[in-house]
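Student: I have a new model open on my screen and would like to learn how to read it. Could you walk me through a few features?

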Amino acid sequence: MAERPPTPDLPKYLREPLEKQSPERLETVAAYASDLAEWKREQREAELEQRRAEEEVDEEELEELSERDISTDPEDYSDVPGGAYITVKTTKETGDKSYRYFYWQWREGNSWKNEYIAPVNPK
């Protein structure tokens, strides 16, 4: 007789109902879960591409950083992964003054990560 598979690290409210299902229903659930996981990966990738298109700096801003001897290559930064892109973030606005900075931005799991590069308008 085959040994029961190890119990996955799932919440009880998911695991217990699965244990009561027939093999055929479990195969249906497994196929759906696989398809759903793939769809969610595609959605995450589409979200990343859309956000990147909306926020990524343009060639002129990249050239400006280069002229200031600031690298625009993520490999030159120890904590920045490949695939990261440069964006401008406004951290604070006070009356007539705006505090804007260049940041690396990338997706890590389900969250967004940023790393400071330089101010947009150096003093």
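Student: Which residues touch the most other members of the largest nonpolar core?

Tutor: A nonpolar core is a set of buried Ala, Val, Leu, Ile, Met, Phe, Trp, Tyr and Cys residues joined through side-chain atoms within 4.5 Å. Buried means under 20% relative accessible area, exposed over 50%, and partly exposed in between, with a 1.4 Å probe and protein chains only. Here the largest core has 14 residues, and Ile-70, Tyr-77, Val-80, Ile-86, Phe-102, Trp-104 and Ile-117 touch the most other members. At least two core residues come from each of the strands S1 (85–94), S2 (97–108) and S3 (111–119). S2 gives the most, with three residues.

This is a predicted model, so to speak of local features we need pLDDT of at least 70, side-chain atom pairs count only at pLDDT 80 or more, and totals for chains, interfaces and linings use all residues. Residues are numbered from 1 along each chain as its sequence is written, and side-chain values use heavy atoms, leaving out hydrogens and water.

Student: What order do the elements of the chain run in, from the N terminus on?

Tutor: Helices (H or I, at least four residues) and strands (E, at least two) are DSSP runs, numbered from the N terminus. This chain has three helices and three strands, in the order α-α-α-β-β-β.

Student: How many bridges join S1 and S2?

Tutor: Two strands pair if DSSP finds at least two bridges between them. S1 and S2 have nine, in the antiparallel sense, and Tyr-85 stands opposite Gln-105 in S2. The two strands form a hairpin with two residues between them, and Gly-95 in the turn has a positive phi of about 55°.

Student: Is Thr-87 buried or exposed?

Tutor: Thr-87 lies in strand S1 and counts as buried because its relative accessibility is 1%. Contact means heavy atoms within 4.5 Å. Beyond its neighbours within four places in sequence, Thr-87 is in contact with Glu-55, Val-57, Tyr-101, Phe-102, Tyr-103 and Gln-105. A polar atom of the Thr-87 side chain lies 3.0 Å from the backbone oxygen of Glu-55.

Student: What radius of gyration does the chain have, and what would a compact globule have?

Tutor: The radius of gyration is taken over C-alpha atoms, and the globule rule is 2.2 Å times the number of residues to the power 0.38. A compact globule of 123 residues would be near 14 Å, but this chain has 23 Å. Along the principal axes, its C-alpha atoms fill a box of roughly 75 × 35 × 20 Å. Of the 123 residues, 17% count as buried.

Definitions and conventions. A polar contact is a pair of N or O atoms within 3.5 Å; within protein, one must be able to donate a hydrogen and the other to accept it, and residues adjacent in sequence count only if both atoms are side-chain atoms.
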